Amino acid sequence: RDAQNLRELETLLLQLPEPVRRRLQEQFSDRLRDLNEIYLQLGRWPEAVFADTATGKLQREALAQVNCEQSDIALFAKMFSQTHTSSLLATRRIGIDGTLHRLSVILSHRDAADGIPPVIGVTARVGKTVEGMVDALVPDLFSCTESLLLIGRPNSGKTTCLREFARRLSEDKKNIVVVVDKTCEIGGDGTIPHPAIGNARWLPVESFKKDGQAINLQAERMREAVENQSPHVVIVDEISTIAEVEAIRTMSQRGIRIIAAVHGNTLPMLLHDPQR
């Protein structure tokens, strides 16, 4: 999987301005496996964020000592302009087809002539396949049938764990595993699911903007998974609304195992959150 991760990383690096890519590959070549994010914004120095392999803590490193210009993010801006405008404006992020990387766009507060805000920056999150991580942490979870909720701050590895659950649980031919992919980060953002989720079925969730409101149909797709796919296990990411919580409750009452992730610090804090 290391070779696959590096091939997919190269796909991301090819989108970077040449001086930034060269500095990253030459000065930080021994740390590319630990690359977590790349940040570019007009008027700011480009940055790379690395994860410490021992502690998991993040560290920022400048990739140039000059500010980014419009030409530096032109390739990213072109990628966003080729996507569906309603989805982009609703989520402000897309993936790179065939990889697990996520691009989060930063849009200007001022509309351009075509009514679409111009791209003024981008944060590229590096997605990876890490096989064996769940076995090492909690080996008994694959033999039990209880539902599981992963709680953690953003960028703490929840989605990576969900991918591994999907892959490992779908190895059992007696299991039908369905991934309901809210942000298309578990299974990638293409039309074909990434091999990191194994033989799990993949239901990507669409997002759009209506009457100024961002709409995401994850709750509807969770119900669709139950009604159309007859799953034993449903895997979902970023539970964030009352409708999604209700959909999970309904699935659980039907005897389906749920493996879900949510942003937070502790379970008591989540229970006192009126939005979830």
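In this predicted model, N155 is placed in the loop between β7 (148-152) and α6. The phi angle of N155 is near 70°, a positive value in a residue other than glycine. Most residues other than glycine have a negative phi. With a relative accessibility of 24%, N155 counts as partly exposed, because the partly exposed class begins where the buried class, under 20%, ends.

A positive phi is also found at C184, where the angle is about 55° although C184 is not a glycine. C184 lies in the loop between β8 (177-181) and β9 (201-204). The relative accessibility of C184 is 14%, so C184 counts as buried.

Three helices, α1 (2-13), α5 (133-137) and α6 (158-169), each supply at least two residues of the lining. Of the contributions to the lining, that of α6 is the greatest, with 5 residues. Sorted by class, the lining of the largest pocket holds 15 charged, 14 polar and 12 nonpolar residues.

Rolling a probe the size of a water molecule over the atoms shows where empty space is left. The count comes to 1 cavity of 30 Å³ or more, and the volume of the largest cavity is about 30 Å³. The residues that line the largest cavity are T129, V130, T160, R163, E164 and A196. By class, this lining is made up of 2 charged, 2 polar and 2 nonpolar residues.

The search for aromatic pairs gave a count of 1. The pair is formed by F28 and F50, whose ring centres are 5.2 Å apart and whose planes stand at 35°, so the pair is tilted. F28 belongs to the loop between α2 (18-27) and β1 (35-41), and F50 to strand β2 (residues 47-51), so the pair ties together parts that are 22 residues apart in sequence. F28 has a relative accessibility of 4% and therefore counts as buried. F50, at 1% relative accessibility, also counts as buried. A charged residue is placed at one of these rings: R31 lies over the face of F50, at 4.2 Å from the ring centre.

I38 is located in strand β1. Its relative accessibility is 2%, so I38 counts as buried. When residues up to four places away in sequence are not counted, I38 touches L12, L13, L16, L24, E47, L63, V122, T123 and A124. I38 and I176 are 138 residues apart in sequence, and their C-alpha atoms are 36 Å apart in space.

Two further residues, N216 and L217, were examined together. N216 is in strand β11, whereas L217 is in the loop between β11 (213-216) and α7 (218-229). The relative accessible area of N216 is 25%, so N216 is partly exposed. For L217 the relative accessible area is 16%, so L217 is buried.

Contacts of both residues with parts of the chain beyond four places in sequence were listed. N216 touches K182, V205, E206, S207 and E244. L217 is in contact with V205, E206 and F208. N216 and T183 are 33 residues apart along the chain, and their C-alpha atoms are separated by 9.2 Å. L217 and A243 are 26 residues apart in sequence, with 9.7 Å between their C-alpha atoms.

Conventions:
Residues are numbered from 1 along each chain as its sequence is written. This is a predicted model: local features need pLDDT of at least 70, side-chain atom pairs count only at pLDDT 80 or more; totals for chains, interfaces and linings use all residues. Side-chain values use heavy atoms; hydrogens and water are left out. On a 1 Å grid over the protein atoms alone, a cavity is a set of points where a 1.4 Å probe fits but cannot get out, and a pocket is an open set with protein on both sides within 12 Å along at least five of seven lines; lining residues have an atom within 4 Å of a point. Grid points are joined across faces, edges and corners, and a volume is the space filled by probe spheres set on the points. Ala, Val, Leu, Ile, Met, Phe, Trp, Tyr, Cys and Pro count as nonpolar, Asp, Glu, Lys and Arg as charged, and the others, Gly among them, as polar. Rings of Phe, Tyr and Trp (its six-membered ring) pair if their centres lie within 6.5 Å; planes under 30 degrees apart count as stacked, over 60 as edge-to-face and the rest as tilted. Helices (H or I, at least four residues) and strands (E, at least two) are DSSP runs, numbered from the N terminus. Buried means under 20% relative accessible area, exposed over 50%, partly exposed in between (1.4 Å probe, protein chains only). A charge sits over a ring if NZ of Lys or CZ of Arg is within 6 Å of the ring centre and within 35 degrees of the ring normal. Contact means heavy atoms within 4.5 Å.
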